[in-house]
Amino acid sequence: MQVLVVQNFEHTSLGQVATALEEAGATIDMRKPYQGAALPTDSSNHDALIVLGGGQNARDDENHPYLPEVVELIRSFEQADRSVLGICLGGQLVARAFGADNLIGAAPEFGWKQVVLTGRAKSDTVFAAMPSDLKTFQFHNDTFTLPEGAVHLASSGVAANQAFRVGRATYGVQFHFEADRTLLAEWNERFTDFIEQTEPGWIAKFEQEADIHAEEADRNGIALARAWVSTIKRR
């Protein structure tokens, strides 16, 4: 199983998705186009695609000219019936790939929050086993409209479109279910100034917040990761 991963920002990682991929025996092909790494032109050499988060917005082609290539890759994988997962910025790029609008700065959220699953999530391969009121981590400012024909899977009071599916197994997810307590502690170290501007006092209160929320959120995150990995079809 060969999985292409597009990293958009330094010090972001697969988090709990890496655990699920390792359990499945997957080989990860990590590309960093923000550092100039080339991207494949299509899906022919990979079984699945993951597009991670980042600080840029999904329409900033001027400063990040590789973004249209990512959008085309997402379409290529979906058309080939190969599983796709977009997280945060990645989810926003999945929305863009299928004609939705990106709403820049329209929905800031940070910290452990609840998202509510829709009725259609109950019959979805990835979300069916999740609690209807799902605790997870949020770290974003932007949101998006729902692509035409997409299956709406989750929402929150801040961003109505928290998760959706296109076709069999192309998922756009706004929240950071991959970010467990360990990864979040690393983000606190790597992005201290930005986080403190976003949520003053967060670094000082992190351990207390984590003691309250992290166990449940981490449990949800690994379950979602494993469920998505189960959708991957080997070539």
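What is the volume of the largest pocket? The largest pocket has a volume of about 410 Å³. The model is predicted: local features need pLDDT of at least 70, side-chain atom pairs count only at pLDDT 80 or more, and totals for chains, interfaces and linings use all residues. Residues are numbered from 1 along each chain as its sequence is written, and side-chain values use heavy atoms, with hydrogens and water left out.

**The largest pocket**

On a 1 Å grid over the protein atoms alone, a pocket is an open set of points where a 1.4 Å probe fits, with protein on both sides within 12 Å along at least five of seven lines. A volume is the space filled by probe spheres set on the points. The lining (residues with an atom within 4 Å of a point) comprises 21 residues, of which Gly54, Gly55, Phe139, His140 and Phe194 are the closest to the pocket centre. At least two lining residues come from each of helix H3 (89-97), strand E6 (109-117), strand E7 (133-140) and helix H5 (192-198); helices (H or I, at least four residues) and strands (E, at least two) are DSSP runs numbered from the N terminus. The lining has eight nonpolar, 11 polar and two charged residues. Here Ala, Val, Leu, Ile, Met, Phe, Trp, Tyr, Cys and Pro count as nonpolar, Asp, Glu, Lys and Arg as charged, and the others, Gly among them, as polar.

**Helix packing**

Two packed helices are described by the angle between their axes and the distance between the axes. Axes are lines fitted to C-alpha atoms, for helices over the stretch in contact, and angles run from 0 to 180 degrees between N-to-C directions.

| Helix pair | Axes come within | Crossing angle |
|---|---|---|
| H1 (residues 16-23) and H6 (residues 202-229) | 8 Å | roughly 45° |
| H2 (residues 67-79) and H3 | 9 Å | roughly 70° |
| H4 (residues 181-190) and H6 | 10 Å | roughly 160° |

Angles under 35 degrees count as roughly parallel, over 145 as roughly antiparallel, 65 to 115 as roughly perpendicular and the rest as oblique. H4 and H6 are therefore roughly antiparallel. Their contact (heavy atoms within 4.5 Å) includes Arg181 and Leu184 of H4 and Trp202 and Phe206 of H6. By class, this contact of H4 with H6 has seven nonpolar, one polar and four charged residues.

H1 and H6, by their angle, are therefore oblique to each other. The contact of H1 with H6 has six nonpolar, three polar and three charged residues.

In H2, Leu67, Pro68, Val70, Val71, Ile74 and Arg75 meet Leu93, Val94, Arg96 and Ala97 of H3. The contact of H2 with H3 has eight nonpolar, no polar and two charged residues.
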